[in-house]
Amino acid sequence: MAAVSTDAPTLEAFRLKVRSWLVDHVPLKVPGEPFLQWDDEGAARSKRIQRTLWEGGITGVTVPVEYGGLGLDSRYEVVFREEAAPYRMPEEFGNAFNVVLPTMLAHADEELKKRFIPHILNGDHIWCQFLSEPSGGSDLAGLLTRAERDGDIWRLNGAKIWTTGGNYSDYAICLARTDPEVPKHAGLTMFVVPMDSPGITVVPLRLTDGSQDFCQEYIDDVSIPADFVVGNVNDGWRVATTLMVNERTAVGRGWSLAARHAENADQGVAFDDGLLELARRSGQEGDPHVRALIGESWVLTTVQQQTVQRVTAAMRQGELPGYGAALLKAMSGATGRRIGEIGMEVAGYRAAAWKPGDGRRWGIGRLSSHGIGGGTTEMQLNAIAERLLGLPRDPSNDRDLPFSQLRKNTTPGRS
Amino acid sequence: MDSRLTVELALTETQQLIQATTRKLLEERCPITRVRELIDDPVGFDPGLWSQGGDLGWYAMLVPEEYGGAGADSSGLVEAAIISEELGRMVHPGPFQATNVVAAAVAEFGSDDQRQEFLPSIATGQTVATWAYLEPDHDWSPGGLSVSVTAVDSGYVLNGTKTCVQDAASADLFLVTGRALDGPTQFLVPATALGVSIEPLECVDLARRLFEVRFTDVRVDAAAALGPVGQAEEAIERQRQIALVLQCAETNGATEQGLAITVQYSKDRVAFGRPIGSYQALKHRMAEHRMWLEASFATTSHASHSVQGRHLDAPAAVRIAKAHVGKWSTAILHDCVQLHGGIGMTWEYDLHLYFRRTIGNEVLYGSPYELTKSLVDVVEGAA
């Protein structure tokens, strides 16, 4: 933990400072607005809000002073998160604050930290992650993007995918292969890649439900300065491990930059009555089978919320390791699938067609109810089995062979 | 398997003590070998151990302090759930849940005389109490009650049949839920009352004794009524909520133990040159079980606090908890047997004792299907 400066304010003084700055400078949340808004307006607004937080001296609470932060301990961070709960936070900076910043603090050299961290805090730079590739996501250490040293620069070639907000990011933290002649985990390096580098092509990825929050990037002869390396060359897997721990921890704590709004914190059991309304409208409300299905969907959503509360508290208290987040991801996949089925069953023909802008799009609920985003259900189950239950790993064919000798996928979609 | 789960993430010192003493007593005095002996015992549980449980406060958590209990006004329901989890882990026999339900009912709805007469001896374990509620070929809703309560000169006469009454043969006191002209009514009936006859049922759970109890012209004093005649609806709902919380906690303990046995077996058992637990086809199933089990503890925790604190969402919260716990406990233990292969199907292997308990618990006090349907009624009724 960073040393607390001797002139640290009292918690109460800090709370009042945060409160009075937020009330004057930051807009309140608007009910129903999306958590992330990946478009010109959303990105610009978040940069504006983050800039304001920086001007008020209330951001980067636990970041050491030498990198532009406040150098306070985590109790002050909790205070900030509580006070910020009702306000629109710059959530498009989530990757930067939750993942990149703590990973940089742990592994980057002084120069890199001083160069990049202040620009997160002052709202200049939105960051994304270049991890998954079209050739493979679950087997991250098997990635194909390569970085070759060429005099004063690194030259990168490859492709990345599943980058959230790639088209509105200023920088990426990028895992690439620097030595293919050693086993796969030993030949990786973590880089900083400016998104405006010549040779980077960002293509929004359109998902089956029509959403376009993710991107795919082509990386063709991209040059970056020799010192844009986080940690040591060929030690990138260690950095990536830190990164993934930070990500899981943030997911466990709540990805948002603010605490959950106090009004929603302890609402007990609450139900989405969309299915019940549908049953009433369609004359099925007296059907015991339909009533059981509606009840089942309420059981699923309620137990899911209760489990999120329990597991996040358990991780916070150290009762569960960070891998506990795998329980939540796997559960949301299973719950979503069943709720998608129930929606179809109650909706009947309404799941096939609806008037534009009208109705709950029950068929789409079924279409997009998979456990894939943020790591497939299968990877979560591996983590639960191996990390929580202590079951042995599957034998693997690739741990000791040089990467160059492994069987690999080619990159799909590239000619 | 990772460390044992419990209904509370962070136990208070008192809760730790309750858990540790209960666990120690059960491990020393009633390990699974002893549970197996009791399967053929005429009583079905160990009366000496029942009293020792009383010394640890097993039946005192829902009894107010002035009557020899540990708390006031059911404030000890979470503590009782912690005990119930431990009993479930050891598939312990005996009417722990039923006795606690009766204790809570007397404490909350009884007259001063009834509290004075029954609570101190229930709290120590001296009086074994059980709840006669369900009737043959009826569901768990109070609307189906038909045991008749007829007013006579100085009291009432009960007629009718109850089923799935736990440990009726050992009980000293029955809480009988019947129907008077005005509506559902409850009485405290001593087991020695004339006209009470019992018949043992064959039970899926080998460590649990359930009985049919027949009331033939059983005369009771007016003072034996628990609460106002014809107005027991609220008490019945409250008793069911307490029963369901304790049952969910017990089921969770049994399920966790069954899964722990299975995970260990899959680490030890080798096939095709490696532990069977290293195959994804098996380990993913155990990981899913671990996931639903965590959810079972989460929803039981919510329900126990909700019922203990009489929160507005208590009727919904217990139904949700039981619907989830009931469904997944049997699903998990069914698959645990499958994951074992042949050994899991043998009488000598302990797994079926746990599976049997979850099967019984899934349907007693309301099946997941009944409770899931009634959840919509509860929400509509509250709206």
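Tutor: Let's start with one idea: two residues are in contact if their C-beta atoms, placed from the backbone, lie within 7 Å. This is a predicted model, so local features need pLDDT of at least 70 and side-chain atom pairs count only at pLDDT 80 or more, while totals for chains, interfaces and linings use all residues. Residues are numbered from 1 along each chain as its sequence is written, and chains are lettered from A and ligands numbered from 1 in the order in which they are written.

Student: Okay, let me try that on one residue. Leaving aside neighbours within four places in sequence, which residues is L327(A) in contact with?

Tutor: Once those neighbours are set aside, L327(A) touches V311(A) and I384(A), plus M291(B) and E294(B). L327(A) sits in helix α10 of chain A; helices (H or I, at least four residues) and strands (E, at least two) are DSSP runs, numbered from the N terminus.

Student: Is L327(A) buried or exposed?

Tutor: You count C-beta atoms, again placed from the backbone: with 20 or more others within 10 Å a residue is buried, with 12 or fewer it is exposed, and in between it is partly exposed. L327(A) is buried because 30 other C-beta atoms lie within 10 Å. Also, T377(A) is 50 residues away from L327(A) along the chain, yet their C-alpha atoms are separated by 9.5 Å.

Student: Now the two chains. How many residues of each are in contact?

Tutor: Chain A brings 37 residues and chain B brings 39. On the chain A side, the elements giving two or more residues are α9 (288-316), α10 (325-347) and α12 (377-388). The biggest giver is α9(A), with 17 residues.

Student: What classes of residue make up that side of chain A?

Tutor: Here's the sorting: Ala, Val, Leu, Ile, Met, Phe, Trp, Tyr, Cys and Pro count as nonpolar, Asp, Glu, Lys and Arg as charged, and the others, Gly among them, as polar. The side of chain A that touches chain B then has 23 nonpolar, 7 polar and 7 charged residues.

Student: Into which domains is chain B divided?

Tutor: Domain bounds come from an automatic or database domain assignment. For chain B they give domain 1 (13-128), domain 2 (131-224) and domain 3 (233-382). The C-alpha centres of its domains 1 and 2 lie 22 Å apart.

Student: How do I read helix packing?

Tutor: Two packed helices are described by the angle between their axes and the distance between the axes. Axes are lines fitted to C-alpha atoms, for helices over the stretch in contact, and angles run from 0 to 180 degrees between N-to-C directions. Take α5 (residues 96-109) and α7 (residues 233-268) of chain B: the angle is about 145 degrees, with the axes 9 Å apart. Among the residues making this contact are A104(B) of α5(B) and I242(B) of α7(B). By class, this contact has 8 nonpolar, 4 polar and 3 charged residues.

Student: Why notice a positive phi?

Tutor: Most residues other than glycine have a negative phi. D167(B) isn't a glycine, but its phi is positive, about 45 degrees. D167(B) lies in the loop between β3 (155-166) and β4 (173-180) of chain B.

Student: Which other residue is like that, and where is its loop?

Tutor: F272(B), also not a glycine, has a positive phi of about 55 degrees. F272(B) is in the loop between β8 (270-271) and β9 (274-275) of chain B. D167(B) counts as buried because it has 23 C-beta neighbours inside 10 Å, whereas F272(B) counts as exposed because it has 6.
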